[in-house]
Amino acid sequence: MSRLHIVHRTSFTYERPVTASYNEARMRPVTFPGQRVLSSRLEATPSTWSQEYRDYWGTQVDAFEALTPHETLTVVAESRVERDAPRGDVVTCGWDALRAGALQDRMSEFLMLTPTTAPDADLVELAQDSASGREPHEAGVAICDALRAAVEYAPGATSVHTRAAEAWQARTGVCQDIVHLAAGALRAVGIPARYVSGYLHPLAASTVGEVALGESHAWIELWCGDWYAYDPTNRIGVGEHHVLVARGREYRDVTPLRGVYAGGGASTQHVEVAITLEA
């Protein structure tokens, strides 16, 4: 088990004063089996109204507005989370179970290929080749590893609007692109897959109390009799240094912070995630 302290700070500076700003933040972890949120808060400055709710996917959302003129906006989410070590066993099923009508209906949202996740024909072929002769769990991991071997991790090479097909054609991307590619490839062979956003402590051999600077992270959950979490960017199973914040079909369902504002002109954004291993 590990205990992690996470401070996620996002700030915007505007060219001219903003007169009104309306926002949604998905920056606070949720409690689920294997993950316990010990404390969590979000503070937006300025903010004249705020409300918390759970969205359709079960994500904690903080909605807030700022109706006083402002030239900067700062949003800080601070959480303490306990994570259990992953279970050693993996629940598995066969292809017949995945192709059953009831399962297809229940998982339809995670089998659907969206414009963002739709794979190129050669990626579908790679997925089919990787899945050949394997049961769904092993096939899913093999697909993720095969596409990751073909894609270079290159920070700054893509944006949040990049589609999986574009990243595949360039053979470059970041964790968001790799997860979009994995989701499309898995769905193309009939394995339900969902996009997960959260945090990953970046130092494998860090000491208690050491602060590590990182960023938001993304990984995949594939259904093979139960949901199995896998980090295709790092080619590892999701473990006690991963902290889950949100799930959905793709990045647009889990965007950490989005909103609209009046006035302001151009803006610049700065994001910092500090993660401390406390135990």
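**Reading a predicted model**

Analyst: By class, twelve nonpolar, four polar and nine charged residues make up the lining of the second largest pocket. Please keep in mind that this model is predicted.

User: How is such a space found, and what volume does the second largest pocket have?

Analyst: Rolling a probe the size of a water molecule over the atoms shows where empty space is left. Here, the second largest pocket holds about 630 Å³ of space. It is lined by 25 residues, of which Phe32, Pro33, Arg87, Trp227 and Ala229 are the closest to its centre. Strands S10 (216-223), S11 (227-231) and S13 (242-248) are the elements that each give two or more residues to this lining. The largest share, three residues, comes from S11.

User: Is valine 238 buried or exposed, and where is valine 238 placed?

Analyst: Valine 238 sits in the loop between strand S12 (236-237) and S13. Its relative accessibility is 10%, and because buried means under 20%, valine 238 counts as buried. Apart from neighbours within four places in sequence, valine 238 is in contact with Arg83, Pro86, Trp219, Ala229, Tyr230 and Asp231.

User: How many disulfides does the structure contain?

Analyst: A disulfide is a covalent bond between the sulfur atoms of two cysteines. In this model, a search of the whole structure finds zero disulfides. The cysteine sulfur closest to that of cysteine 93 belongs to cysteine 224, and at 6.4 Å it is too far for a bond, the cut-off being 2.5 Å. Cysteine 144 is likewise in no disulfide, as the nearest cysteine sulfur, in cysteine 224, is 11 Å away. Cysteine 93 counts as buried at 14% relative accessibility, and cysteine 144 is buried at 0%.

User: Why do the buried residues of helix H4 line one face of the helix?

Analyst: An α-helix has 3.6 residues a turn, so residues three or four places apart point the same way. In H4 (residues 121-131), the buried residues are Leu123, Val124, Ala127, Ser130 and Ala131. Viewed down the axis of H4, these residues fall within an arc of 125 degrees, so they line one face. The face turned away from the buried side carries the exposed residues Ala121 and Asp129.

User: What covers the buried residues of H4, and which residue just after H4 takes a positive phi?

Analyst: The cover includes helices H1 (95-99), H5 (136-150), H6 (164-170) and H7 (175-188). Just after H4, glycine 133 takes a positive phi of about 80 degrees.

Key: Residues numbered from 1 in each chain as written. Predicted model: local features only at pLDDT ≥ 70, side-chain atom pairs only at ≥ 80, totals over all residues. Heavy atoms only, no water. 1 Å grid on protein atoms, 1.4 Å probe; cavity = no way out; pocket = protein on both sides within 12 Å on 5 of 7 lines; lining within 4 Å. Points joined across faces, edges and corners; volume = space filled by probe spheres on them. Helix = DSSP H or I, 4+ residues; strand = E, 2+ residues; numbered from the N terminus. Nonpolar A, V, L, I, M, F, W, Y, C, P; charged D, E, K, R; others polar. Buried < 20%, exposed > 50% of the residue type's maximum accessible area, 1.4 Å probe, protein only. Contact = heavy atoms within 4.5 Å. Arc of directions from axis to C-beta.
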